[in-house]
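Reader: I would like to learn how to read pockets, helices and aromatic rings in a model. Could you take me through them one at a time?

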Amino acid sequence: MSSTIYKEIAAHLVAAEVEKREVEKVTATFKPDLTVDEGYLVQEEIVKIKLEEGKRMIGPKMGLTSLAKMQQMNVNEPIYGYVFDYMLIEDGGKVSLQDLIHPKVEAEIAFVIAEDIEGPGVTGAQVLSKTEYVLPALEIIDSRYKNFNFTLPDVIADNASTSRVVFGSSLKKPEQFELDLVGAVLKINGEIKELGAGAAVLGHPANSIAMLANMLSRKGEKVRKGDMILTGGITGAVMLKSGDFVSAKFDGIGEVTFKVTD
Ligand code: OOG
Ligand code: MG
């Protein structure tokens, strides 16, 4: 099939993001038989549009890597998407609801990669030996689809709902921790909303990066030195409202916060 339809769907989803309006899922409109591979073709077109607009890519991210997330979104496989510079919010910074559609937040452990990691066959242990730092992160997801209602190909096409990312300012060497045993607490206005441990993410967050490297290898790509990568929400995501003060704390690793405004 010609790539026109993927370009058309990509332009439609980018317009929804830019105009801050929700749209019906692709499988209910453009293409009921959209496959996972085609979802990634649409995602690639979105990446092209952003790069053509002069946006800088920060790196890939993983999503739907914990049971909590898979159950909440009613899908059963991890996916990846891409983070761009305009999505970054500084630690302690502000996110305005006016810039977004219906944002939710999730607590994640992020990795800074020390050396290129090329699949297939990459293991979590290999990832750890090529990791410079780990750090706390909060991802603000904002599916362009009405009510976050999507199938696996839909959410892949929508760049995995990626919208904003707050990376924490405390960088730690990974060998100081058993990342699977690290506890995570997500609070809003001081109230605990979700909690979990690193092991929620595919047994160990490093396994998420290994899976990413193995998935990227299918199209001849790799995880790159310097990439700062989200490994996926440890718990379910929580809806945001104006005035929320959001914090995620990871035992020994540190805390990351932001504030929600109108
Ligand atoms: C898809 C994005 C998932 C994660 O960390 O699991 C994701 C969604 O839930 O809308 O970023
Ligand atoms: Mg996420």
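Reader: Let me start with the pockets: which element gives the most residues to the lining of the largest pocket?

Author: A word on the ground rules before that. This is a predicted model, in which local features need pLDDT of at least 70 and side-chain atom pairs count only at pLDDT 80 or more, while totals for chains, interfaces and linings use all residues. Residues are numbered from 1 along each chain as its sequence is written, chains are lettered from A and ligands numbered from 1 in the order in which they are written, and side-chain values use heavy atoms, with hydrogens and water left out.

Author: Now the general idea: rolling a probe the size of a water molecule over the atoms shows where empty space is left. A pocket here is an open set of points on a 1 Å grid over the protein atoms alone, where a 1.4 Å probe fits, with protein on both sides within 12 Å along at least five of seven lines; lining residues have an atom within 4 Å of a point. Helices (H or I, at least four residues) and strands (E, at least two) are DSSP runs, numbered from the N terminus. In this structure, H2 gives the most to the lining of the largest pocket, with 5 residues.

Reader: What is the volume of the largest pocket, and which residues are closest to its centre?

Author: Its volume is about 260 Å³, where volume means the space filled by probe spheres set on the grid points, which are joined across faces, edges and corners. Val36, Asp37, Tyr40, Tyr80 and Arg218 are the closest to the centre, out of 14 lining residues. H2, S2 and H6 are the elements that give two or more residues to this lining. By class, the lining has 9 nonpolar, no polar and 5 charged residues, with Ala, Val, Leu, Ile, Met, Phe, Trp, Tyr, Cys and Pro counted as nonpolar, Asp, Glu, Lys and Arg as charged, and the others, Gly among them, as polar.

Reader: And what does the lining of the second largest pocket have, by class?

Author: There you find 6 nonpolar, 1 polar and 6 charged residues. This pocket holds about 220 Å³ of space, and of its 13 lining residues Met57, Pro60, Tyr82, Glu221 and Arg224 are the closest to the centre. S1 gives the most to this lining, with 4 residues.

Reader: Let us turn to helices. What should the 17 residues of H2 span?

Author: The expected span of a helix is 1.5 Å times one less than its number of residues. For H2 that rule gives 24 Å, and its end C-alpha atoms are 25 Å apart, which agrees. H2 is followed by glycine 54, whose phi is positive, near 90°.

Reader: Which residues of H2 are buried?

Author: An α-helix has 3.6 residues a turn, so residues three or four places apart point the same way. Buried means under 20% relative accessible area, exposed over 50%, and partly exposed in between (1.4 Å probe, protein chains only). The buried residues of H2 are Glu38, Gly39, Tyr40, Val42, Gln43, Glu45, Ile46, Val47 and Lys50. What covers them includes helix H1 (4-18), S1, S2, helix H5 (152-157) and H6, where contact means heavy atoms within 4.5 Å. Leucine 41, also placed in H2, is partly exposed, with a relative accessible area of 34%.

Reader: How many of the 13 residues of H6 are buried?

Author: 10 of the 13 are, so H6 is largely enclosed by the rest of the structure. Among them are Pro205, Ile209, Leu212 and Met215. Elements that the buried residues of H6 pack against include helix H2 (36-52), strand S1 (57-63) and strand S2 (79-84).

Reader: Last topic: how many aromatic pairs are there?

Author: A pair of aromatic rings is described by the distance of the centres and the angle of the planes. Rings of Phe, Tyr and Trp (its six-membered ring) pair if their centres lie within 6.5 Å; planes under 30 degrees apart count as stacked, over 60 as edge-to-face and the rest as tilted. The count comes to 4 aromatic pairs. The rings of tyrosine 80 and tyrosine 82 have centres 6.0 Å apart and planes at 85°, so this pair is edge-to-face. Both of these tyrosines are buried, and Tyr40, Tyr80 and Tyr82 form one aromatic cluster.

Reader: How are the planes of phenylalanine 84 and tyrosine 86 placed, stacked or edge-to-face?

Author: They are stacked, with 6.5 Å centre to centre and 25° between the planes. Phenylalanine 84 counts as buried at 0% relative accessibility, whereas tyrosine 86 is partly exposed at 25%.
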